[in-house]
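Q: I would like to learn how to read a protein model, feature by feature. Could you take me through one slowly, with the general idea before each case?

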Amino acid sequence: MSDITVNLALPYIKPAQAQKHVTHNEALQMLDATVQLVIAARLASPPAVPAEGECFWVLPGATDAWTGRSGRLAFRQDEAWIFIAPVLGWRAFDRAEGRLKLFTGTDWDDIPLPASPQVSALGIGATPDATNRLAVSAPATLLTHAGGDHRLKINKAAGADTASLLFQSGWRGKAELGLAGDDRFAIKVSGDGAVWTTALTISPQGVVRTGQRPLVRTSRTAGSLSPSAGMATGFDDLHLAAGGFALGAILGSGQGRELVVPAEGTYLLTLNVEAQTSSGHGVALRRNGTTDLVAVAGTIGTQSSSAIAALFEGDILTLRHTGSAQLLFGYGHTEISAFML
């Protein structure tokens, strides 16, 4: 029978041994050093004033009282050093790093994770909660390939649920893209995080809709009118409007209202004029009462013209007339259309 135990090398008390308490105390010393093991630091030389009960990992090139003890645990007890050789698989708390370590046979390393770990919540620089079970606080997050493709998958349970990316500022939602409440891909924006506007949708069939794209088709109330030279006429009916186009103030001529541009951008403008009688006339789409954007001139019949122009939010559009003619107003007759490119 061996004189020591197999794993911790604790000395046995021998039959008829004198001063049995010495052997027993040596075993207790080793147990006290290795059970609930805490490594205070990794050093090559003993600390000047070691605290009773502290344990150190002796680095290569050990000196002074630790000479020749590299790769051992140095345990301070009763103002003396006890040296213990750890065994593969021992665990210890590294006080300097604040981490639990595993002895690999040559050094103390972090305890490896399981091959396929599962956790209910994970925080990286942040605190997860019941909803945000993965929380990351960092300057950036990198998702990269493992030698080929890399796809980020966001799956929802049913069509009426949401699978999206939400972009916030000051913890208020400002933009969202994904499948929000149905199976159409959508991009939504918000100014306050409460009221949302859908800027773009793409159906499962690939049909693209931009419901907030500024566009309009408008005319004065249906009927005939012979505007005098220099008269300004406006619009009464928005036959088609989106993106904020609206009618403004009534013109001084009493013939319709201003058309107010909702957003800055480049627009395609089309002017259509239908004359029932004419001795020669002209009609121009004018911005802010000063700048002609597109114009037509002619006699009896229909004249059309298109132009591309830069418009600004709040611009006012009206029609300015020259010559003499009786014009037919209304949908499909004298009207304008405009949409942002």
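A: Let us begin with a word we shall need, since contact here means heavy atoms within 4.5 Å. Please keep in mind throughout that this is a predicted model.

Q: With that word in hand, which residues is Asp94 in contact with, leaving aside its neighbours within four places in sequence?
A: Once those neighbours are set aside, Asp94 is in contact with Ile39, Arg42, Arg99 and Lys101. Asp94 itself is found in strand 6, and the backbone nitrogen of Ala96 lies 3.1 Å from a polar atom of the Asp94 side chain.

Q: Is Asp94 buried or exposed, and why?
A: A residue is called buried when its relative accessible area is under 20%. Asp94 is buried because its relative accessible area is 3%.

Q: How should I read the pairing of strand 6 and strand 7?
A: The general idea is that strands of a sheet pair through backbone hydrogen bonds, in either a parallel or an antiparallel way. In this structure, strand 6, which covers residues 91-94, and strand 7, which covers residues 99-103, pair in the antiparallel sense over 4 bridges. Within this pairing, Asp94 stands opposite Arg99 in strand 7. The two strands form a hairpin with 4 residues between them, and Gly98 in the turn has a positive phi of about 70°.

Q: What does strand 7 do with strand 8?
A: Strand 7 and strand 8, the latter made of residues 108-110, pair in the antiparallel sense over 3 bridges. Here Phe103 stands opposite Trp108 in strand 8. This hairpin has 4 residues between the strands, and Gly105 takes a positive phi near 110°.

Q: In what order do the strands of the open sheet of 5 strands lie, and which are the edge strands?
A: The order is 11-12-13-14-15, and the pairing is antiparallel. The edge strands are strand 11 (162-169) and strand 15 (208-209), each of which pairs on one side only.

Q: What lines the largest pocket, and how much space lies in it?
A: About 210 Å³ of space lies in the largest pocket. Its lining is made up of Ala126, Asn132, Leu134, Ala135, Val136 and Leu152, which by class gives 5 nonpolar residues, 1 polar residue and no charged residues.

Q: How many cavities of 30 Å³ or more does the structure hold, and what lines the largest?
A: The structure holds 1 cavity of that kind, and the volume of the largest cavity is about 40 Å³. Among the residues that line the largest cavity are Pro227, His281, His321 and Leu327. Strand 22 (265-287) and strand 25 (316-329) each supply at least two lining residues, and the largest share, 6 residues, comes from strand 25. By class, this lining has 4 nonpolar, 6 polar and no charged residues.

Q: Where does Gly265 lie, and which residues is Gly265 in contact with?
A: Gly265 lies in strand 22, and it counts as buried because its relative accessibility is 17%. Leaving aside neighbours within four places in sequence, Gly265 is in contact with Ala309, Ala310, Leu311 and Met340. Gly265 and Leu341 are 76 residues apart in sequence, while their C-alpha atoms are 7.6 Å apart in space.

Notes. Residues are numbered from 1 along each chain as its sequence is written. This is a predicted model: local features need pLDDT of at least 70, side-chain atom pairs count only at pLDDT 80 or more; totals for chains, interfaces and linings use all residues. Side-chain values use heavy atoms; hydrogens and water are left out. On a 1 Å grid over the protein atoms alone, a cavity is a set of points where a 1.4 Å probe fits but cannot get out, and a pocket is an open set with protein on both sides within 12 Å along at least five of seven lines; lining residues have an atom within 4 Å of a point. Grid points are joined across faces, edges and corners, and a volume is the space filled by probe spheres set on the points. Ala, Val, Leu, Ile, Met, Phe, Trp, Tyr, Cys and Pro count as nonpolar, Asp, Glu, Lys and Arg as charged, and the others, Gly among them, as polar. Two strands pair if DSSP finds at least two bridges between them. Buried means under 20% relative accessible area, exposed over 50%, partly exposed in between (1.4 Å probe, protein chains only). A polar contact is a pair of N or O atoms within 3.5 Å; within protein, one must be able to donate a hydrogen and the other to accept it, and residues adjacent in sequence count only if both atoms are side-chain atoms.
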